[in-house]
Amino acid sequence: MKPYKPKNRLAAEDYINGILKGDRVILSRAITVIESNLESDKKLAKAIIQEILPLSGKSIRIGITGVPGVGKSTFIESFGKCLITQGYKVAILSIDPSSQRSRGSILGDKTRMEDLANAKEAYIRPSASGDTLGGVANKTGETMLLCEAAGYDVVLVETVGVGQSETAVHGMTDFFLLLMLAGAGDELQGIKKGIMEMADMVVINKADGDNVRMSQLAKRQYENAMHIFPQSESGWSPVVSTASSINNIGIDVVWKEIQKFKSLVDANGYFLKNRNHQRIQWMYNNINEELKHLFYGSEDISNELTVLENNIISSKISPVKAAQNILQKFKESL
């Protein structure tokens with residue numbers, strides 16, 4: 001049986017030309033190819049990426065995370081509109097949580113960011129996280145490259161705010177923004193120390209109405225908390241501010257701080273060093289992905305795993321021994 005090949009695919013050159021012209025429809029179709037697990041699409045994706053790579057990398061990549069209910073979508077819409085008014089083109093890559101049972105996802109950000117979705121200077125791409133560690137879409141790094149080649153100056157990557165997704169997004173962006181709420185109990189509870197250490201900026205969102213005083217109090221608490229963390233390798237001292245996405249207050253402050261950060265890391269060489277590290281990590285991520293596909297894609301391995309599962313359940317073999325056996329069989333098959 002011949003492997004399935006979609007009929008509506010274009011040639012790699014057509015995708016590349018469309019991306020470079022800023023055609024959002026072609027960009028979306030190219031990202032679909034990038035995200036596909038079909039073998040034919042993988043070859044096509046590699047051809048696209050290889051040509052696009054030298055034309056990418058010119059944006060500022062910003063990771064945005066926050067606790068559920070913090071108003072990430074509202075903040076991103078206000079922030080995106082602020083950037084557009086200053087002449088920037090903005091791409092928003094929103095990683096939606098996929099159901100581990102149905103493999104479905106919400107993919108609702110285009111409805112939550114209606115104004116931004118209708119702006120020709122903005123591009124919103126919701127992606128299902130699938131089974132990637134931490135809920136981060138497997139191909140987000142490649143998608144960023146395509147958006148940069150299409151002319152987007154700022155790329156925002158929104159995490160689901162759950163589990164280890166923050167770590168993964170921090171590892172592929174230049175600036176990491178943490179959104180928090182005031183008046184929801186102890187401000188420092190429920191937030192991991194590791195996430196606080198990663199943050200280049202903390203923004204207390206929804207600082208409006210009766211919540212203004214509580215937001216200022218939370219701001220002081222976070223400023224005190226940030227002082228206990230060691231100095232970042234970038235040389236940047238994390239800042240804390242308040243904002244009201246609904247009233248569009250404090251949004252411009254966030255961009256000013258990001259610009260200060262960019263000037264600093266450009267001057268001290270950290271920006272390029274970090275980007276080079278990301279490229280190397282991207283290689284290892286792809287190696288891990290291909291090894292996983294090679295292992296679990298083997299029919300012999302799949303059959304043997306079924307046997308081992310039954311033997312583990314019946315206590316005929318330990319999980320550790322089973323793992324050693326299947327890995328030894330895999331090595332012998334290479």
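Helices (H or I, at least four residues) and strands (E, at least two) are DSSP runs, numbered from the N terminus. In those terms, N248 sits in the loop between β7 and α11. This is a predicted model, in which local features need pLDDT of at least 70 and side-chain atom pairs count only at pLDDT 80 or more, while totals for chains, interfaces and linings use all residues. Residues are numbered from 1 along each chain as its sequence is written, and side-chain values use heavy atoms, with hydrogens and water left out.

**Salt bridges**

- The count comes to 14 salt bridges, a salt bridge being a side-chain nitrogen of Lys or Arg within 4 Å of a carboxyl oxygen of Asp or Glu.
- One of them joins the side chains of E148 and R61, at 2.7 Å from N to O. E148 belongs to helix α7 and R61 to strand β1 (residues 60-66), so this pair ties together parts that are 87 residues apart in sequence.
- E148 and R61 are both buried; buried means under 20% relative accessible area, exposed means over 50%, and partly exposed is in between (1.4 Å probe, protein chains only).
- E257 forms a salt bridge with K260, and the closest N and O atoms are 3.5 Å apart. The two residues are 3 apart in helix α11 (residues 251-268), so about one helical turn separates E257 and K260.
- E257 counts as buried at 14% relative accessibility, whereas K260 is partly exposed at 49%.
- K262 and D266 also meet through their side chains in a salt bridge, at 2.7 Å from N to O. K262 and D266 are 4 residues apart in helix α11, and about one helical turn separates them.
- K262 counts as partly exposed because its relative accessibility is 24%, and D266 is partly exposed with a relative accessible area of 42%.

**Packing of helices α2 and α7**

- Two packed helices are described by the angle between their axes and the distance between the axes.
- Helix α2 (residues 24-35) packs against helix α7 (residues 140-149) at an angle of about 160 degrees, with the axes 10 Å apart. Axes are lines fitted to C-alpha atoms, for helices over the stretch in contact, and angles run from 0 to 180 degrees between N-to-C directions.
- Helices α2 and α7 are therefore roughly antiparallel to each other. Angles under 35 degrees count as roughly parallel, over 145 as roughly antiparallel, 65 to 115 as roughly perpendicular and the rest as oblique.
- The crossing of α2 past α7 is right-handed; a crossing is right-handed if the near helix is turned clockwise from the far one by less than a right angle, and left-handed if anticlockwise.

**Nonpolar surface patch**

- I280, M283, Y284, I287, L291, L294 and L334 make a nonpolar surface patch of about 700 Å².
- Patches are made of residues with over 30% relative accessible area and no salt bridge: like charges are joined within 9 Å, and nonpolar side chains (Val, Leu, Ile, Met, Phe, Trp, Tyr) within 5 Å. Accessible areas come from the Shrake-Rupley method with a 1.4 Å probe, and for residues only the protein chains shown count as cover.
- L334 is found in the segment after α14 (319-333), and L334 is exposed, with a relative accessible area of 68%.

**Contacts between C-alpha positions**

- A45 lies in helix α3 (residues 39-52) and counts as buried at 10% relative accessibility. A45 and A30 are 15 residues apart in sequence, and their C-alpha atoms are 7.8 Å apart.
- P238 is in the loop between α10 (212-226) and β7 (239-242), where P238 counts as partly exposed at 32% relative accessibility. From P238 to F261 there are 23 residues in sequence and 9.4 Å in space, C-alpha to C-alpha.
- D300 is part of helix α13 (residues 299-313) and is exposed, with a relative accessible area of 54%. The C-alpha atoms of D300 and S333 are separated by 9.4 Å, and the two residues are 33 apart along the chain.

**Backbone angles**

- Most residues other than glycine have a negative phi, and most peptide bonds are trans.
- K206 is not a glycine, yet has a positive phi of about 60 degrees. K206 is placed in the loop between β6 (201-204) and α10 and is partly exposed, with a relative accessible area of 36%.
- N248 is a residue other than glycine with a positive phi, near 60 degrees.
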